[in-house]
Amino acid sequence: MHDIRAIRENPAAFDAGWSARGLSPQTPAILALDGEMRTATTALQAAQSRRNDASKLIGQAKAKKDEAAAAALMSEVEALKAEMTTQGEIEARIGGQLRDLLASLPQIPDAQVPAGADEAGNVEQRRHGDPVRLNNARDHVDLGAALGGLDFEAAARMSGARFVVLKGQIARLERALGQFMIDVQTTENGYTEVSPPLLVRDEAVFGTGQLPKFAEDLFRTTDGRWLIPTAEVSLTNIVREQILAEEELPLRMTALTPSFRSEAGSSGRDTRGMIRQHQFYKVELVSITAPEQSEGEHQRMVQCAEGILKKLGLSFRTMLLCAGDMGFTARKTYDLEVWLPSQNTYREISSCSNCGDFQARRMDARARKAGEKGTRFVHTLNGSGLAVGRTLVAVMENYQDENGRIAIPDVLQPYMGGLKHIEAA
């Protein structure tokens, strides 16, 4: 959500930010609605004030037995009540239109965000590790099928496309990855583990920006709740409608949960394998900070996500996203892209975003310094640390050998009972 006062003060900056995201100027419509609402508010307040004055005068007129004056004043009060009703309805209607418009508009990009319409405008920041290059690299689908660990046909029979059944040591490897990631984030990186709800109400997905614009990307239950597309929704909403002690910030939370996405608009993209699924596990990182802390916390969060890939020995690159490729709520985003030998390219495995106070305004999440009366909106950040399914794909492909075995990375072997390879029975 956007601060209407900031838009009034500097409309050009907001239009420039939205233009960077490919939108036409929005402030003329915003300021027109704002002007109408403020006019109605002023008229309503004036009518209320005059009604209060007239009501007092009625008593005075009656005390003086001036019935004519009292009758005139009572008639005026009735007219003022009608005027208040009219102006109140205008204020509510225009105010609703203004809120809906502001809620539909994305975050303004940070000044450091490069220009660009799509992923071609993203800027590489750094690389880690040498990409594994194999002459006959098998993809994870073929590797998993040969090992008896991936069954897309069984999943399709019960659930349709974009689901998979994991079996045996591949299923164990997925579980090991999730456990390893959550352990690193909690024991080494200072995040507090949370087990949050997977079903949330409208207010929660509005707060983190999925509603109203992206409802088609979500799954909804018959009782009106939503399956979370990421634990970001649950974790961030823990502070909704709260006033936090600023001295306790930053708050760092993490969760290993399933995520559910309809993948609306992705028809024909990544239809083979596990890259784009309706259901997958992910370790999510969320930070709640004071405004001055968020940029430093963003860099820290990216390093926490990068650290998982480094410990797994996977080659990756870190990309700063351009304005046209960022998510709706983000003011600045880094993507981590892991190397996949079968595709001979890097693919996204984590996205870490600083949302500034955009989500906090939608959730009414604030902080107060000790000894002060005033509050201010917190900043929220979120990132994947990491997407478990895509990490499983990366491990399978990067650790394959010519015989189709998959070596277990050293850091995962304790989670696999000491197993060093996955191979066909």
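This report describes aromatic rings and their contacts in a predicted model.

Residues are numbered from 1 along each chain as its sequence is written. Local features need pLDDT of at least 70, side-chain atom pairs count only at pLDDT 80 or more, totals for chains, interfaces and linings use all residues, and side-chain values use heavy atoms, with hydrogens and water left out.

A search of the whole structure finds five aromatic pairs. Rings of Phe, Tyr and Trp (its six-membered ring) pair if their centres lie within 6.5 Å; planes under 30 degrees apart are stacked, over 60 edge-to-face, and the rest tilted. Two of the pairs are F180 with Y415 and F328 with F358.

| Pair | Centre distance | Plane angle | Type |
|---|---|---|---|
| F180 and Y415 | 6.2 Å | 75° | edge-to-face |
| F328 and F358 | 5.7 Å | 75° | edge-to-face |

F180 belongs to helix α7 (residues 168–187), while Y415 is in the loop between β17 (406–407) and β18 (421–422), 235 residues apart. Helices (H or I, at least four residues) and strands (E, at least two) are DSSP runs, numbered from the N terminus. F180 is buried at 4% relative accessibility, whereas Y415 is partly exposed at 26%. Buried means under 20% relative accessible area, exposed over 50%, and partly exposed in between (1.4 Å probe, protein chains only).

F328 and F358 are both buried. Together with F214, they form one aromatic cluster.

Charges also sit over rings: the charged end of R362 lies over F206, 4.1 Å from the ring centre, and that of R366 over F377, at 4.3 Å. This requires NZ of Lys or CZ of Arg within 6 Å of the ring centre and within 35 degrees of the ring normal.
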